[in-house]
Amino acid sequence: MKIPSLLLALTLLGTAGHALADRLDDIKKAGVLRVAAFDSNPPFGFLDAKTHQISGLDVEVAQAIAKKLQVKLELVPTNPANRIPLLVAGKADLVAANFTVTEERKKQVDFSLPYFASGQQFIARKGSLSKPEQLAGLRVGVDKGTTQEIYLREKYSKTTVVAYDDTPLAFTALRNGNVQAISQDGSKLAALLANAPDKAKYELAPFTLTREYQAIGLPKGEARLTKVVNDTLLELEKSGQARKIYDRWFGPSTKAPLPRDFKIGDAS
């Protein structure tokens, strides 16, 4: 082989190797898995007052994925609005932050198999909200950039939707009378209400607007990384570990008991 031909072959070989490398290789090479997680939305992700570490259901799932990859877990604090920007900008490898699967989000990110399911509900003062028809004319607080915000704006045009950075801020607005209700997925609201010192004044409205599935968010086109995440989730379900994680945060002995009506693998 002539020297120019040899150089060309080596160049093509190098290019091919680069093309084959992907985020999974980068994670293993760095020895670190960076996962965007909530730090103020218990029980999915919150700063534990005792350990001063971010803890929660989503964090335990992220820990299982890092263990599967045999790398260190690095949590990147996020709020709802920053989840996709962090992933798209390459500042996080995954998102594990009560991340609802939607067709609109699928245009920017990929999703794993769902590992949690819930529905859109409301917290309001006791006796003030009992059916969806009453939402017309109300000011409702939501988390900015969430499916709850999008759904209300699209389906309830007579409702004034007020967006906040996170659910605790929306709850403060409810307490101050700036909104008449707040909306999020029911599991998160149940946990929020259970830990509220003034919970006797409020209640979870007795209706659900939607059925939503939460999953791990991934960069587009990372097939190998997606497979590792999905395999880990299915192993958690098969081993019984998924139920143990769920029960630690929503089991009968918790502040916000919620029956588990979904198993990993039930939806894709």
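What is the volume of the largest pocket?

## Largest pocket

In this predicted model, the largest pocket has a volume of about 260 Å³. Its lining comprises 13 residues, and T100, V101, T102, T147 and E212 are the closest to the pocket centre. The largest share, four residues, comes from α5.

By class, the lining of the largest pocket has four nonpolar, four polar and five charged residues. Both domain 1 (23–117 + 213–250) and domain 2 (119–211) contribute at least three residues each to the lining of this pocket.

## Cavities

The structure holds two cavities of 30 Å³ or more. The largest cavity has a volume of about 100 Å³, and the residues lining it are L57, V61, Y115, F116, L236, A242, I245, Y246, R260 and I264. At least two lining residues come from each of α3, β7 and α9, with α9 giving the largest share, three residues. Nine residues of this lining are nonpolar, one is charged and none is polar.

The second largest cavity has a volume of about 50 Å³. Its lining is made up of F38, P80, R83, N98, T100, R105, T146, T147, Q148, Q184 and K188. Six of these residues are polar, three charged and two nonpolar. Domain 1 (23–117 + 213–250) and domain 2 (119–211) each supply at least three residues of the lining of the second largest cavity.

## Surroundings of F38

F38, one of the residues that line the second largest cavity, is found in strand β1 (residues 32–38). F38 has a relative accessible area of 1%, so it is buried. Not counting residues up to four places away in sequence, F38 touches G45, F46, I54, T78, N79, P80, R83, A96, A97, N98 and K188. The C-alpha atoms of F38 and T51 are separated by 16 Å, and these residues are 13 apart along the chain.

## Nonpolar cores

The largest nonpolar core has 32 residues, of which L33, L57, L94, Y115 and I216 touch the most other members. At least two residues of this core come from each of α2 (23–30), β1, α3 (57–69), β7 (110–118), β13, α8 (223–239) and α9 (241–250). The largest share, seven residues, is supplied by α3. A second, separate core of 14 residues includes I123, V162, V179 and L189.

Leaving aside neighbours within four places in sequence, L33 is in contact with I27, A62, I65, A66, L69, V71, K72, L73, E74, D93 and L94.

Conventions
Residues are numbered from 1 along each chain as its sequence is written. This is a predicted model: local features need pLDDT of at least 70, side-chain atom pairs count only at pLDDT 80 or more; totals for chains, interfaces and linings use all residues. Side-chain values use heavy atoms; hydrogens and water are left out. On a 1 Å grid over the protein atoms alone, a cavity is a set of points where a 1.4 Å probe fits but cannot get out, and a pocket is an open set with protein on both sides within 12 Å along at least five of seven lines; lining residues have an atom within 4 Å of a point. Grid points are joined across faces, edges and corners, and a volume is the space filled by probe spheres set on the points. Ala, Val, Leu, Ile, Met, Phe, Trp, Tyr, Cys and Pro count as nonpolar, Asp, Glu, Lys and Arg as charged, and the others, Gly among them, as polar. Domain bounds come from an automatic or database domain assignment. Buried means under 20% relative accessible area, exposed over 50%, partly exposed in between (1.4 Å probe, protein chains only). Contact means heavy atoms within 4.5 Å. A nonpolar core is a set of buried Ala, Val, Leu, Ile, Met, Phe, Trp, Tyr and Cys residues joined through side-chain atoms within 4.5 Å.
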